[in-house]
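Here is a short report for a reader new to this structure. Please look over the sequence and the model first.

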Amino acid sequence: MMKLEIYFDYLCEYCEMGWRHWRELLPGYPLITPVWRPCEAHPRASEPYYGRHSDLAIQGMLLLQEQGGDVAAYNDLIFQAAWHGGKNIEDPALLAHYGAMCGVSEPVFYEAVRGGRYQAALEAANHHAWGRLGVPAVPSYLAENGRRLDARLGIGVPKAQFKQFLEELSRTNGT
């Protein structure tokens, strides 16, 4: 098994596209395990950015990771809501409903997200991605063997390029 860290933001259109690519290609790479590393492309702290924010949805994902919930199902729900469902992923009640569908009780999920229980973890994730790793754009992929594939601003990571990256990882690591 090889771990592949995936740096993403729910409100990044290229990350949503990358999510669809990942879900489509995943069955062909059963020995590659995703490690979801959310980070905000536009943190609230970087005001004046007046668009939508993903901080609460990311905090919900961090809670699910900690509690052993179904992160893949949550990611499906959040990307669908944000990009195709016209729903507000800044609504703690909506997030709690999705969290309950993925393994954490609605009241626990709601209180954790509304109360900012994972705010420090989110800030650490942002610093790790943008500061420590120097991710230029999301999505960005980092394999445990050090191989990396970064998105390019305004382009993301095309499906063919992502598939080639997965193929190279499989060949170099016998997965």
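## The nonpolar core

This is a predicted model. Its largest nonpolar core has 56 residues. Those with the most contacts inside this core include Leu-4, Tyr-10, Trp-22 and Ile-89. Helix α2, residues 55-67, gives the most to the core, with seven residues. In soluble globular proteins, nonpolar side chains tend to be buried together.

Take Ile-89. Neighbours within four places in sequence are left aside here. Beyond them, Ile-89 is in contact with Tyr-10, Leu-11, His-53, Ser-54, Leu-56, Ala-57, Ile-78, Ala-81, Ala-82 and Leu-95.

## The cavity

A search of the whole structure finds one cavity of 30 Å³ or more. The volume of the largest cavity is about 70 Å³. Among its lining residues are Ile-6, Phe-8, Trp-19, Trp-22, Trp-36 and Tyr-141. Two elements, β1 (2-8) and α1 (13-25), each give two or more residues to this lining. The largest share, four residues, comes from α1.

Which classes make up the lining of the largest cavity? Nine residues are nonpolar, one is polar and none is charged.

## Glu-5 in strand β1

Glu-5 lies in strand β1. Is Glu-5 buried or exposed? Its relative accessible area is 18%, under the 20% cut-off, so Glu-5 counts as buried.

The side chain of Glu-5 makes a polar contact of 2.6 Å with that of Tyr-7. Another polar contact, of 3.2 Å, joins the side chains of Glu-5 and Arg-37. Leaving aside neighbours within four places in sequence, Glu-5 is in contact with Val-35, Arg-37, Ser-140, Tyr-141 and Leu-142.

Methods: Residues are numbered from 1 along each chain as its sequence is written. This is a predicted model: local features need pLDDT of at least 70, side-chain atom pairs count only at pLDDT 80 or more; totals for chains, interfaces and linings use all residues. Side-chain values use heavy atoms; hydrogens and water are left out. A nonpolar core is a set of buried Ala, Val, Leu, Ile, Met, Phe, Trp, Tyr and Cys residues joined through side-chain atoms within 4.5 Å. Buried means under 20% relative accessible area, exposed over 50%, partly exposed in between (1.4 Å probe, protein chains only). Contact means heavy atoms within 4.5 Å. On a 1 Å grid over the protein atoms alone, a cavity is a set of points where a 1.4 Å probe fits but cannot get out, and a pocket is an open set with protein on both sides within 12 Å along at least five of seven lines; lining residues have an atom within 4 Å of a point. Grid points are joined across faces, edges and corners, and a volume is the space filled by probe spheres set on the points. Ala, Val, Leu, Ile, Met, Phe, Trp, Tyr, Cys and Pro count as nonpolar, Asp, Glu, Lys and Arg as charged, and the others, Gly among them, as polar. A polar contact is a pair of N or O atoms within 3.5 Å; within protein, one must be able to donate a hydrogen and the other to accept it, and residues adjacent in sequence count only if both atoms are side-chain atoms.
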